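Me: I have a model open and some quick things to ask. Can we start with the terms?

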Amino acid sequence: MVDFFGWDMPINYGSQIEEHHAVRQDAGMFDVSHMTIVDVQGPQAQDYLRHLLANDVAKLTVKGKALYSGMLNEAGGVIDDLIVYHFDATNYRVVVNSATREKDLNWLNQQAEGFDVNVMPRDEFAMIAVQGPKAKEKAHQVFSPGQQEAVAGMKPFFGVQAEDLFIATTGYTGEAGYEIIVNKTDAIALWQRLLEAGVKPCGLGARDTLRLEAGMNLYGQDMDETVSPLAANMGWTITWEPAERNFVGRKALEQQKAEGTDKLVGLVMTDKGVLRAGQAVRCEAGNGVVTSGTFSPTLGHSIAMARVPAAVGDTVEVEMRKKWVTVSVVKPSFVRNGKSVL
Amino acid sequence: MSNIPKELRYTATHEWVRPEGDGVFTVGITEHAQDLLGDMVFVELPDVGDEVSTGDDIVVAESVKAASDVYAPISGEILAVNEELEDSPELVNSDPFGDGWMFKIKAEDASEVESLLDAEGYEESIDED
């Protein structure tokens, strides 16, 4: 167990690699109760979120649809990344990271000034993520008939309140599955029933290797308040139109875009050794840094994400244990739905 | 509680040493060490014939969590390395005192082993961690 920002969390329950494979090949579950759930409600909830977030919640028109976005500071740095679920224009649910809980809540409250909106942390909830090709099938065994009906045919990136559970087709692994929000008092019983349905418990270690294979950013590693979303493979989450939507950080972002920024790329090393966060990167275009690196259990070799000059070529050199090693540059996505995308 | 076989000698840096006779010793890392490191993904072994001195970092044990050095517990010549670890580094996790051995060393001075920790001493050293 480790102290993860005040939460006692396991790195692994048994073998981290077996837990990883369970999610790629069958079904695994993560206790992600540390995530911060905040409901945003009120007549100006939509206006508030359109001001707060770089992505535009006005794009959400269907009930339950979710959106990934960065929340930026005025300098265009990333305060946090989050998922927002839309119920209607006066009612949203936002899920932010635990590491950034206090500063996020302060920021959410500070930015709410002048908007007719309530920002309500929902600390009475726990969250369990069930992920993998057989995750849905196994989760359905513990759902009531009403819950099964509520999620039947639900597309990716949606959420629905179904009786006592909020069930969303979101995740952090690159596999199908659910993230389930449940009352704390019922969480252990739900975990136990998922266990009996054959879902394997997985720790933070597997969560990290799975998200990295899927090319998903980890806040605090791949980006933070000093890093532009444009340099963190989050350009696609910025909604520039309409031009008059003056979201927090927009001015700084426009300037960064005009001047150009570094970019986040994927690295692949098929030789022995493991790329690790913090290792120095160099190429003809300049210097960079490995932001996340690991051994990929699915691919059988090391992969990483690195922030490098935009003019980077097909290879870079990484300093590993005092030697400079040449590795390939790829798009920052390695595995989806159990298969290599390299 | 970690398994610490009585018949082996240990270092404070978590290597174990087993006498094979004729001044030859087999070396690996302890169950406690593999537990700290987590799933092993690569093991870089020395070359057979290498002359090593006590405390040299001669193996890199790379796990899902970190790259760790394994040190020569005594001085001598590397007689053999465990080539099975090339394809099956997980043997270090599943059988650290057996199939997960790393190298065999011909001691320059076999009495050097007497100065290593016994099982009790090693257990005390990891309790202090």
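Reply: A residue is buried if 20 or more other C-beta atoms lie within 10 Å of its own, exposed if 12 or fewer, and partly exposed in between, with C-beta atoms placed from the backbone. This is a predicted model: local features need pLDDT of at least 70, side-chain atom pairs count only at pLDDT 80 or more, and totals for chains, interfaces and linings use all residues. Residues are numbered from 1 along each chain as its sequence is written, and chains are lettered from A and ligands numbered from 1 in the order in which they are written.

Me: What feature does UniProt place at B:K65?

Reply: An unreviewed UniProt entry gives "modified residue: N6-lipoyllysine" there. UniProt positions use the numbering here, feature names are shortened, and annotations may be inferred rather than shown by experiment.

Me: Where is B:K65 in the fold?

Reply: B:K65 is in the loop between strand 6 (57-63) and strand 7 (67-71) of chain B. Strands (E, at least two residues) and helices (H or I, at least four) are DSSP runs, numbered from the N terminus.

Me: Why is B:K65 classed as partly exposed?

Reply: Because B:K65 has 19 other C-beta atoms within 10 Å.

Me: Which residues does B:K65 contact, leaving aside neighbours within four places in sequence?

Reply: B:L37 and B:G38. Contact means that the C-beta atoms, placed from the backbone, lie within 7 Å.

Me: Now the rest of chain B. How many helices and strands does chain B have?

Reply: Four helices and nine strands. Along the sequence they run β-β-β-α-β-β-β-β-β-α-α-β-α.

Me: What share of chain B is buried?

Reply: Of its 129 residues, 40%. Among contacts in chain B with a separation of 6 or more, 64% join residues 24 or more positions apart.

Me: New topic. How many residues does each chain give to the contact between A and B?

Reply: Chain B gives eight residues and chain A gives 11. Strand 4 (residues 40-44) of chain B gives the most on its side, with three.

Terms used: Two residues are in contact if their C-beta atoms, placed from the backbone, lie within 7 Å.
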